[in-house]
Amino acid sequence: MHDRVHDLATALSVAVRIEPELIRAVRLALFPRYGVETESALWFSGLVRSRGPRGIVLDTAERRELQRLLGHRLTRRPPEDPVHSLWDVVARVHADLSPALLLEERVTWLALAGRTDEAEDALAPVLKAVTVEGRDGLRRWFAAAWERLPAAVRESGTAWQLAQVARPHFPRGRFPLDTVQAPVTNGLLGDLARCLDDIRITVRRDGGGLEVDGTPVDPDARAAVRPHTYALTVPDTAPRTLTVLGGGPRGTDREVSVPVNRRVRVPVGAGPLQVRNARGEVFLVPAQATVARSTELRGRFLGVTVGGYAGGPGALPEAAAEAREVGNALAEHYTLEYLDDPTLQTLQYLPARLRPGPADPPDGPLVVYYRGPAVLRGDGEELLLAVRDSDPRVPATHLGARDLYAACVRSGASQVLIVLDLSWNTLGGPSASFSAPADVPGAAEWAGHVVTTAFPGSSPHRSLGGWLIRMLHRGPSTPPEPGWEPRRRFVTGADLLEVAASGGLGGARAVGAYGTPGPLLPNPRYALRRFPDDVDPAGFGEAYAAEAGAFLREVIAEPETPSGQRDRAVTNMGLLGTEHAIGAGRALHRLAERHAGAGRREEALAAAESAVEVLTPFTDREPAAALPALGQALDGLADRLAELDRPRDALARAEESAAAWRLAVRHSAANSPGCASSLCRLAGLLLGAERAEDALAVALEGVRLCRDLITFDQNAFRSGLARSLAVLSRVHVALGGHREARDATAEAVHVLREQAEESGAAPSEELVRGLRELWRLERRLGQNGAALRAIVEYTERRRLERDETERSRQLLADAFDCLAVSHGDAGQFRQAVWSSREAVTLYSGLTDGSSAADHRPALALSLRNLSVWLTSDRPVQLPEALAALHRAVGLYRQLEAERPGRREADLAATLEGTAHWLREAGELAQAVDALGEAVRIYRGLTARNRSAHRLSLARSLNSLSVCLDALGRRGEARRMRDEVKSLILNRPDGGPR
């Protein structure tokens, strides 16, 4: 009963409303053998979310699964199956249903039937009614129907357009397209752009990138604007859409889609660029001013602290210690200097102290931190910094903040940050105001300042110094903040001041800056840093972990990464959590694949071993995620060991991999494809280790697993089944089961042929190679007719895929050679001659000197084959056969001259064949010369390896004796016949037979 209820519910899942009348009609039309009890069982089943007197509503999750099954049946069952009449039944029963709901059902039906284009066409009138006629009711319907529509409809362009105009009617915070990551083109909006309001968003130049912020700009808000930021108008869509015109690395247009309230960074290069919105308006974004950005940062830090002075406010005993904490946070990149309780006379030499020393870079950044009391002169127009011998009643005994600023920006530093951590304001106001001088000769490229005021006795952790220490230690408290991303090693002064200005500092403050910011401070959230023990990067939030993990995976997988950085990246991935630690192992596996692809075998092996080492500890803690990753890494390690001719070690790792994949399959059937691939690899290695029986068991396991996958999804797993069958065929050949090998290869060819026919794609290389192997096995079994059919198809596919590359022509030539052999097997010598001539022509073109490979051995063999077919046909074409043999002899002589000893046997056999046909042509003298040379070669070969060449020598001597007899040289002929008898009657070791 359960299966019947499920079948009926599957058919009804296309409907929005399911009334008793519809249930009855569908049952009678599609399932006439099911009784009426099936209807009541469905009515009260767990598939139903709600039921009432007018009908039932299916559970949303159950309905989607039922629709998936219905779509599977619609696309795979033959046209005469009753399931294809389902829509006629629904349309008849629901003829009086609301047009919008009936349209929803029709669109659902078309999508499930695989007719997505027709579904989009059905929605087109709705889009027109909404955009042209302003039909708000249709907007409300579409927003309500969204969750009920199949994924194929929701992912269509028309649905995206309708969703934009219906967006106000979606539940708050649940607009489905707000986080679309795939690029959505401007062109998709079309006429829809006229129906949408405009908003303003910002774009910002950031080095070679363009940062697009999808957050609408509030025109009334007063917020700090980052340098190189520009506002532009776009239609109010989710996501926002833009086109960057020719700004990509390849100079092509690039579509950008940005989720609302999110930022996306697009690589665009350093020059100016144009951005176009969906209305066709084009905006010019200027190039960012170039700032020298070195991979290293070397700067100077000066800490000035004043614990108190006579007649001033309370003492600051912690000032010196706090300045040193700030300095220590910069110690890796800055040289440190401190002035504790300086006098006014000491500060006369301040400009000299601010200039770089002999060991400092001339234009390195400068950070000056002042912690101490301050007063305001006049009406608060001038800020004065106190020193140890300052008199609060005498302004001249203080250091003017503007004078300090001028000295800093004239110091030669390219980037200047002045931090004034003040403890008092004699006017009693909440903060000290400070404005930088407008014009300072020789100014830095960027200079900024931040000023705060705290009353004496307040906690050091609430001071500006305490805040700066925390910023350098952990970064902003509300990540992700722009500029503090895990990919950036350094932050700019502008990044720091933006946090201060946005409230991250807290309390009273004054912030200001000018110029083009560059690297100034180490980024505490740089993913490749060595994190202190008290800083947990996983605590920075999921968004940080995701971006840091992506960056570190790139670092790990990049072959040019220094080993120290890669080790740090692997360690930090572990700090981000188990998921990212497993990701580090996968990245090491990709690194090994890249090294192997570049021919760096030792480096590939080391990376593969590291991947296994990283992943192994997690198989107990997170087996579901770690086991497939470990299986993949072990597969890669087995490949690397095999490449280094270490088959025993490769086999051991392949066995470990298969064990890991088998466990992974127990956790999730989704790991079955990886397991099947691993079993293929293991079977091949077992075969190479001459463990054919074990290889057979493993290969059969892999084939069974692939067959199970095929029943679930043919298109996805056919290639895997074909590969498994190919390995099984090799194993059967090794065990002498050529018939079983033929059957496995024939099934693999059938599977791949079906896949190519159904997809309409060009046949895969696996299919073409399978046809050649099938030809070989059919010939081995004496099935010449089947072999001929296989090789004809193989040759035709090679001919169709010919692309004039050297490899393509070589494979086609080989195909014609094999085709000639099969024609010869069938006694079709004329066709064999034609095919063999084609092979010779192709090989001749490959030996013209421009090829990197040496095709002369293949050409010589093809010429010998051609001579066979020419002399097998009737009438015998003797002149052409002799010409082919003479040419083959010439090629073998060339090869022998270049590499002596490599082609002696081939040369001797060709001379012997040439002599035979010279004798048939009556050229006995030439035949004797050819046979004499063949005998000399065979004598040398027999002397080195008697067992391999003894009978060949005897045969050539016998042929030579026949020719000598014909020439009347009977004495020589008799001696040679005696030698032949000795060779035949004696064993290879020279003893009697």
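1. How many salt bridges does a search of the whole structure find? The search finds 53. A salt bridge here is a side-chain nitrogen of Lys or Arg within 4 Å of a carboxyl oxygen of Asp or Glu. Side chains of opposite charge can pair when their charged atoms come close.

2. Some ground rules. This is a predicted model, in which local features need pLDDT of at least 70 and side-chain atom pairs count only at pLDDT 80 or more, while totals for chains, interfaces and linings use all residues. Residues are numbered from 1 along each chain as its sequence is written, and side-chain values use heavy atoms, with hydrogens and water left out.

3. Six strands form an open sheet, in the order 12-11-13-17-18-20, with mixed pairing. Its edge strands are strand 12 (334–340) and strand 20 (510–515), each pairing on one side only. On average, neighbouring strands of this sheet are turned by 10 degrees against each other, direction ignored. Helices (H or I, at least four residues) and strands (E, at least two) are DSSP runs, numbered from the N terminus. Two strands pair if DSSP finds at least two bridges between them.

4. Strand 11 (residues 299–305) pairs with strand 12 in the parallel sense, over seven bridges. Arg 300 has Thr 335 in strand 12 as its bridge partner.

5. Two helices lie across the sheet strands. Helix 15 (residues 464–474) lies across strand 13, strand 17 and strand 18, at about 135 degrees to strand 17. Contact means heavy atoms within 4.5 Å. Axes are lines fitted to C-alpha atoms, for helices over the stretch in contact, and angles run from 0 to 180 degrees between N-to-C directions.

6. Just after helix 22, Asp 645 takes a positive phi of about 60 degrees.

7. Now single salt bridges. Glu 39 pairs with Arg 24, their closest N and O atoms being 2.5 Å apart. This pair links distant parts of the chain: Glu 39 sits in helix 3 (residues 37–43) and Arg 24 in helix 2 (residues 20–30), 15 residues apart. Is Glu 39 buried or exposed? Glu 39 counts as buried because its relative accessibility is 10%. Arg 24 counts as partly exposed, at 37%. Buried means under 20% relative accessible area, exposed over 50%, and partly exposed in between (1.4 Å probe, protein chains only).

8. Asp 825 and Arg 779 also meet in a salt bridge, at 2.5 Å from N to O. Asp 825 lies in helix 30 (residues 806–825) and Arg 779 in helix 28 (residues 765–780), so the pair ties together parts 46 residues apart in sequence. Asp 825 is partly exposed at 30% relative accessibility. Arg 779 is partly exposed at 34%.

9. The side chains of Arg 799 and Glu 796 meet at 2.3 Å, N to O. Both residues lie in helix 29 (residues 784–800), three residues apart, about one turn of the helix. Arg 799 is partly exposed at 43% relative accessibility, and Glu 796 is partly exposed at 33%. Elsewhere, salt bridges that share partners join Glu 318, Glu 322, Arg 371 and Asp 421 into one network.

10. Aromatic rings come next. Rings of Phe, Tyr and Trp (its six-membered ring) pair if their centres lie within 6.5 Å; planes under 30 degrees apart count as stacked, over 60 as edge-to-face and the rest as tilted. The count comes to eight aromatic pairs. Tyr 526 and Phe 551 have ring centres 6.1 Å apart and planes at 45 degrees, so this pair is tilted. Both Tyr 526 and Phe 551 are buried.

11. Phe 816 and Trp 834 form an edge-to-face pair, 5.7 Å centre to centre, with 80 degrees between the planes. Phe 816 is in helix 30 and Trp 834 in helix 31 (residues 829–846), 18 residues apart. Phe 816 is buried at 5% relative accessible area, whereas Trp 834 is partly exposed at 47%.
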